[in-house]
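Me: I would like to learn how to read aromatic ring pairs in a model. Please take me through one case.

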Amino acid sequence: MVNSNGFRIGTMLAVLTLGFALGAAASAQDRVYAPDGVALDGYDPVAYFTHGVAREGSKDHALTWNGVDWHFSSAEHRRLFEQNPEKYMPRYGGFDAFMMAQDTLMRTDAEDFLVAGGQLYLFSNKALKRKFADDLRRKTAYADHYWKGQ
């Protein structure tokens with residue numbers, strides 16, 4: 001009886017521990033920089049890819065995804081995002097990519113961005129964007145490592 005209960009309690013503790021660990025990892029990966037509940041300060045995430053510019057979105061073309069409001073400059077951009085949100089999600093939840101490589105979460109300016117390798121990176125200023133772009137592969141490896149641990 002003791003062994004059976006001990007096994008059950010041990011099994012339950014292991015499952016709960018794994019569940020908490022997976023939950024913590026998932027919440028870090030799903031976290032989005034969204035002041036006032038709006039991702040990218042209201043900029044259209046699809047426009048970075050389709051037009052290569054930071055374009056303000058509109059509440060008229062908004063949707064809520066992953067617990068955050070996203071604004072789009074057109075119904076077409078909203079549709080594209082709905083079909084494949086991961087494609088348009090900024091790396092590191094939209095936190096500054098250079099600072100993520102330093103293991104630091106920092107706000108960003110939606111107009112300081114880089115699209116490279118099919119990924120959107122955001123920065124708090126142009127100087128950090130340049131530093132990240134100058135050593136993209138290494139900075140991305142560091143940022144990926146730290147983002148997983150957040």
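Aromatic pairs

Reply: Start with Tyr 92, which counts as buried because its relative accessibility is 3%, under the 20% cut-off. Keep in mind that the model is predicted.

Me: What is the mean pLDDT of the protein chain?

Reply: The mean is 84, and 80% of the residues reach 70 or more. Over residues 1–29, however, pLDDT stays under 50, and the model has five contacts beyond four places in sequence for them.

Me: How is a pair of aromatic rings described?

Reply: By the distance of the centres and the angle of the planes. The count here comes to twelve aromatic pairs. One of them is formed by Phe 72 and Phe 81, with 5.1 Å centre to centre and 50 degrees between the planes, and is tilted. Phe 72 is buried at 0% relative accessibility, and Phe 81 is buried at 1% relative accessible area.

Me: Which type of pair do Tyr 92 and Trp 147 form?

Reply: Edge-to-face, with centres 6.2 Å apart and 70 degrees between the planes. Tyr 92 is in the loop between helix 4 (85–88) and helix 5 (97–100), while Trp 147 belongs to helix 7 (residues 136–149), so this pair ties together parts 55 residues apart in sequence. Trp 147 has a relative accessible area of 5% and is buried.

Me: Which residues do ring pairs link into a cluster?

Reply: The cluster consists of Tyr 33, Tyr 92, Phe 95, Tyr 121, Phe 123, Phe 132 and Trp 147.

Me: Where does the charged end of Lys 129 sit?

Reply: Over the ring of Phe 113, at 5.7 Å from the ring centre.

Terms used. Residues numbered from 1 in each chain as written. Predicted model: local features only at pLDDT ≥ 70, side-chain atom pairs only at ≥ 80, totals over all residues. Heavy atoms only, no water. pLDDT = per-residue confidence, 0-100. Contact = heavy atoms within 4.5 Å. Phe/Tyr/Trp six-rings, centres within 6.5 Å; stacked < 30°, edge-to-face > 60°. Buried < 20%, exposed > 50% of the residue type's maximum accessible area, 1.4 Å probe, protein only. Helix = DSSP H or I, 4+ residues; strand = E, 2+ residues; numbered from the N terminus. Lys NZ or Arg CZ within 6 Å of the ring centre and 35° of its normal.
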